[in-house]
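Here is a short report on strand pairing and charged side chains. Look at the model first, then read on.

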Amino acid sequence: MTLTLTRETLQDHVGKEIGVSPWLEITQDMVNQFADITRDPQFIHVDIERAAQTPFGGTIAHGFLSLSMLSHFSISGCGVGMENTSFGLNYGFEKVRFLNPVRVGKRIRGRSVLLSANESKPNQFRFNLELTVEIEDVERPALVAQWLTLAVVDG
C-alpha cells in the first residue's frame with residue numbers, strides 16, 4: 001500500500017521510513033523471462049549447471065531485475081503519493097548501487113525512507129525515496145537506490 005500525503009502532511013514523513021513490502025521469491029522462471037525480454041542471456045543468470053561452478057554457486061538475478069522490482073515494492077508497501085493523484089511518473093534516479101547478487105530461490109523485499117518531498121510545479125509533487133532491496137537471511141542488501149518519482153494531482 002502506498003502512503004498517501006496531502007499538502008498539509010507533505011513534510012511530516014521526510015527522513016522517516018515509509019514502509020516495508022512483503023517478501024517476493026526470485027524464481028528461475030522470472031530470471032529466464034527477464035533474460036529473454038532484455039536480451040541478456042549471460043550464463044550466470046540462465047545456465048544452472050555452469051553457474052553452479054562460479055563463486056555464487058548457482059544462478060543469480062540480473063541487477064536490473066532486482067531494480068525493476070522497485071515498481072512492485074512501491075505498490076506493495078514502500079511507495080508514497082499524493083491525495084487526488086491523477087497519475088504518477090518515474091522521474092529518474094539520483095543513485096543506484098548494486099551491492100550483493102540475489103541467488104535464484106532467495107526472497108527479496110523493499111524498504112523505503114522518504115528523503116525529500118516538494119511541490120516542484122503547481123500540482124506536481126516530486127519525491128526522493130531511498131529504497132533498499134533486502135535479501136532474506138542475508139545481511140548485505142542487494143541494492144540501494146535513490147528513486148525520484150513525480151505525482152500529478154488534480155487541480
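Over how many bridges do strands β5 and β8 pair, and in which sense? Strand β5 (residues 85-98) and β8 pair over eleven bridges, in the antiparallel sense. Strands pair if DSSP finds at least two bridges between them. Strands themselves are DSSP runs (E, at least two residues), numbered from the N terminus.

This is a predicted model: local features need pLDDT of at least 70, side-chain atom pairs count only at pLDDT 80 or more, and totals for chains, interfaces and linings use all residues. Residues are numbered from 1 along each chain as its sequence is written, and side-chain values use heavy atoms, with hydrogens and water left out.

**Strand β8**

Leu 89 has Leu 150 in β8 as its bridge partner. Strand β7 (residues 124-135) also runs antiparallel to β8, joined by ten bridges. There, Thr 132 partners Val 144 of β8. Nine of the eleven residues of β8 (residues 143-153) are buried, so the rest of the structure largely encloses this strand. Buried means under 20% relative accessible area, exposed over 50%, partly exposed in between (1.4 Å probe, protein chains only).

**Salt bridges**

The structure holds five salt bridges. Each is a side-chain nitrogen of Lys or Arg within 4 Å of a carboxyl oxygen of Asp or Glu. Among them are these:

| Pair | N to O distance |
|---|---|
| Glu 17 and Arg 111 | 3.0 Å |
| Arg 109 and Glu 134 | 2.7 Å |
| Arg 111 and Glu 134 | 2.7 Å |

Glu 17, Arg 109, Arg 111 and Glu 134 are linked in a network. Arg 109 and Glu 134 are both buried. Glu 17 is partly exposed at 44% relative accessible area, and Arg 111 is partly exposed at 24%.

Note on methods. Helices (H or I, at least four residues) and strands (E, at least two) are DSSP runs, numbered from the N terminus.
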